[in-house]
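Hi there,

Here is the structure I promised to send over. Have a look at it first, and my notes follow below.

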Amino acid sequence: MDFYSFVEGPLLWIAILTFIIGSLLRATLFLSVSRKTDKIIYQHFSWKYIFATLGRWLLPLNKDVAKNPVFTPLAYIFHICLIIVPIWFSGHITLWEESRFEWSWSPIPDGLADWMTLIFLAIALFFLLRRIISSDIRLISTFSDYFILVITALPFMTGYFLTHGTLDSIGFLGDNMTIIHMLSGELMLILIPFTKLSHFILFFFSRGATAIEFGRRGYSM
Amino acid sequence: MNEEANEKAIEETEHEEMKEVDPKEIVDFLKPRMGARFKTWLSICTHCGLCADTCHHYTASGKDPKMIPSYKVRFLTEMLRKKGKVDREYLKKVYDTVYYECNMCRRCTMYCPFGIDIALMISLMRALLFSQGMAPEGLLKAVENYKEFGNQMAVTKEDWIETIEWCEEETADELVGLKIPIDKKGAKIMYTVNAREPMFYPQDIMEVAKIFHVAGEDWTLPSEMGWDDTNLAMFCGDLKTSRMIVENTFKRAEELEVQQVAITE
């Protein structure tokens, strides 16, 4: 088996399974440990406050929108692109159709996917510059804050290069963009459970727990 | 006599400051208290900085980046990473931050996309420092008073009852027939005060007595420990004493078979 077949075969399996199982483990770990260490969550458990807070924060209906009218919308758009493009890009769906699962669903137009990718990369660049330029954010930033931003942006950047042949004239990069793109995506998937990127699932537990804590005092956050 | 006690307290504090920090003590304190939420918060905070200008310490200090709430809890991460290997100097830095740069108002939590409760983590660090003998002198003194007298101002039972009786006499001049019932079993409301009231502001007790009298409420004050509703032990993370204070109040309420406990302020 050559490297290419390894990356598009076994490594892809490893990446997707690491992502799914790892994320589920992190969630399970939170639930099982918190039962012993954070009893307050269960003593005052309330779906009402959990749904209210998740609704307000998954949709831009929260306090941050008015307080940070620039940053907050950008953060929402960033996350929307991050989720939509990889799942509904036509090229990816074709691969799912050709796979053993033969799964298929309707894609978003390629033009839209292009724009969403560019917008995503522009916002990622903005986040990076903000970290570097703002003395406030620079002070609180740690290595992993920069790291996850780069890891998340790489698959989008290489995906754009791949679909547009931007770097095709550069020998090595031009010849291997497909494999670089796959590797960058797999790297991100594998790292999700082990880094701050796990916030994609722990967000729900963290917000939910705090919503209960505030809710028991009558404040729906 | 008071001065002597003060000097002794200062000496003890200085002694504590010189004492070397035992890394095992730090880890043994933190590890069992690092629950699922604390661990999750420290591991997912992406340092987005949205908490910065929700903090009044940040805005009031001319936007000093060191006042950003998510930055203040870095000590917790550091102490765990260093396995407790920190010195007194370091703990002093933690002390300055957790006591003078955060008053645990929780406003940052209301704006945090992940709902990270910075105040709870600050509270944990205050508790850690308390276990190392570090807390503001006033709080340490108050904690001693709670343990001995059940109230933060070291008011004895005799002084407390005398003060109430004096308040009753003074107020009865104005409102004939006014009574301040002590230990009245089966009253509807048990009223509790800040221990500063019998000590410095008895007029507050008189005002409240007038309101209860005119409103025709069935109320009482307990004579035993539990009448002070302040809980300063909570602020230095002394949860044992903090619990004792609350339990005193509940005990009194049960003994007097009241339906409600009202607190001052």
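Predicted model: local features only at pLDDT ≥ 70, side-chain atom pairs only at ≥ 80, totals over all residues.

Residues are numbered from 1 along each chain as its sequence is written, and chains are lettered from A and ligands numbered from 1 in the order in which they are written.

Chain B has 14 helices and 3 strands (DSSP runs numbered from the N terminus: H or I of at least four residues for helices, E of at least two for strands). Its C-alpha trace spans about 65 × 45 × 35 Å along the principal axes of chain B.

On to chain A. Its domain assignment (bounds of this kind are automatic or from a database) gives domain 1, 1-31 + 38-63 + 146-221, and domain 2, 70-141. The C-alpha centres of domain 1 and domain 2 of chain A lie 12 Å apart. To their contact (C-beta atoms, placed from the backbone, within 7 Å), domain 1 of chain A gives 10 residues and domain 2 of chain A gives 13.

One residue to look up is A:Arg131, in helix H8 (residues 110-133) of chain A. A:Arg131 is partly exposed, because 19 other C-beta atoms lie within 10 Å. Beyond four places in sequence, its contacts include A:Ile137 and A:Tyr146.

Best wishes

Methods. Contact = placed C-beta atoms within 7 Å. Buried ≥ 20, exposed ≤ 12 C-beta atoms within 10 Å, placed from the backbone.
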